[in-house]
Structure formats: C-alpha cells, structure tokens
Amino acid sequence: MLITHDTRCALEAVVDLVNTAPEDDAAADGLPDVPALADFIRNHDISDVGVLSESDLAALRRIRGHFAAIFAAPDARGAAGLINELVAAAGTTPRLTDHDGYDWHVHYFAPGASVADHLAADCGMALAFFVVAGEQERLRRCEAPDCRRAFVDLSRNRSRRYCDSRTCGNRLHVAAYRARRKEATG
C-alpha cells in the first residue's frame, strides 16, 4: 500500500489525537486546554489554522471520539460508515496544494474550515484509504494489558501488536521471560 507523505502525517495526527483521550474518568485529558491544542497543532505542522478557541477544543474532543470509534470498528463496513459520517459532516472539499516546501498533495478540508473540520476531513480520508485498500485491520489498539493506545500497523506482514515495541512490547517480553525462568527453577 502506497502511503504518501500527507497521508502519513494525517495518520500520525489522528493516532496522537485518539491517544490524548483519557483512558478512564480518573485519567487526565491529553488536550486539557487551548494552549495544549495549539501545541498539538504546531507539533503536527497542521496548516491553515486560525486563532484557536474553547469551541475548537470542544469540537476536536468530539471528533476524537469519532476517530476512536473507527479504531474500534469490528469490520470495514462499520469503519466505512463512521468515516463517511465524519467526512461528510466536515464538508470535504478536495483541492491540490503545494505549501510550506511540500510537493503537490491533496487537502480535503474546505478553505477557512475549523481545526476540527480540517482534521476530520484530512484524517478521515487517510483512514478511508485503509478501508478502501482492505487494510482496516491495520488500525489497532495496543495489546498490552495495561495499554490501549491506538496505532497504525505499517509492518509488511501486519504483525505489529504493541503501540511501541521498546516499551509495551519489551515490557511484556521481559515479563514472559521472567515467568518462564521462574517456572523452570520453581
């Protein structure tokens, strides 16, 4: 599957956005305020964003929930329905652009769109490409029991199980090794 630069950027943004959601009522929100939203926008080089407000933050938190539902969709049909709703509500307007030193690429958000509509359109289309390619199962949650972070499995054989092999994957492998050693000596 060919993944263009802008699609990769949109995938990184949607994964990071989904992962800002608190795991439970006791956990802190990863987007607690407008300055955190501004940092998120800056860290992901999201262009054409005006002055951010509390309403932008609230709208982005709403679409974050929609994106999380796409990662949880049991099949391509369910993911497609959720993506269609999200992209349609954003008022998608595809257009070619070559800004900020990047070659020609497609933006799906309408000029002057809110940051939530911008991300709903661009990130929604990036996720749509996976469904169209029959790769919806690559939109995953970490299999570590104490972690449910979202990620996109871009491995060749679709075998990635953890959001980060250096943390979650390594921690589980070490625990399994110690359990085997304990059983062997026990």
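Contact here means heavy atoms within 4.5 Å. This is a predicted model, in which local features need pLDDT of at least 70 and side-chain atom pairs count only at pLDDT 80 or more, while totals for chains, interfaces and linings use all residues. Residues are numbered from 1 along each chain as its sequence is written, and side-chain values use heavy atoms, with hydrogens and water left out.

**View 1. L127 and its partners.** Setting aside neighbours within four places in sequence, L127 is in contact with L11, V14, F67, I70, F71, I83 and L139.

**View 2. T20 and its surroundings.** At 11% relative accessibility, T20 is buried (under 20% relative accessible area; exposed is over 50%, partly exposed in between; 1.4 Å probe, protein chains only). Its side chain reaches the backbone oxygen of L17 at 2.6 Å. Beyond neighbours within four places in sequence, T20 is in contact with D29, G30, L31 and R64.

**View 3. The D29 and R64 pair.** Here the two side chains meet in a salt bridge at 2.8 Å, N to O (a side-chain nitrogen of Lys or Arg within 4 Å of a carboxyl oxygen of Asp or Glu). D29 is partly exposed at 22%, whereas R64 is buried at 7%.

**View 4. A network around R158.** Salt bridges link E135, E137, R138 and R158 in a network. R158 meets E135 at 2.8 Å, N to O, and E137 at 3.1 Å, N to O. Which of these residues is buried, at 9% relative accessibility? That is E135; R158 is partly exposed at 35%, and E137 is partly exposed at 36%.

Definitions and conventions: A polar contact is a pair of N or O atoms within 3.5 Å; within protein, one must be able to donate a hydrogen and the other to accept it, and residues adjacent in sequence count only if both atoms are side-chain atoms.
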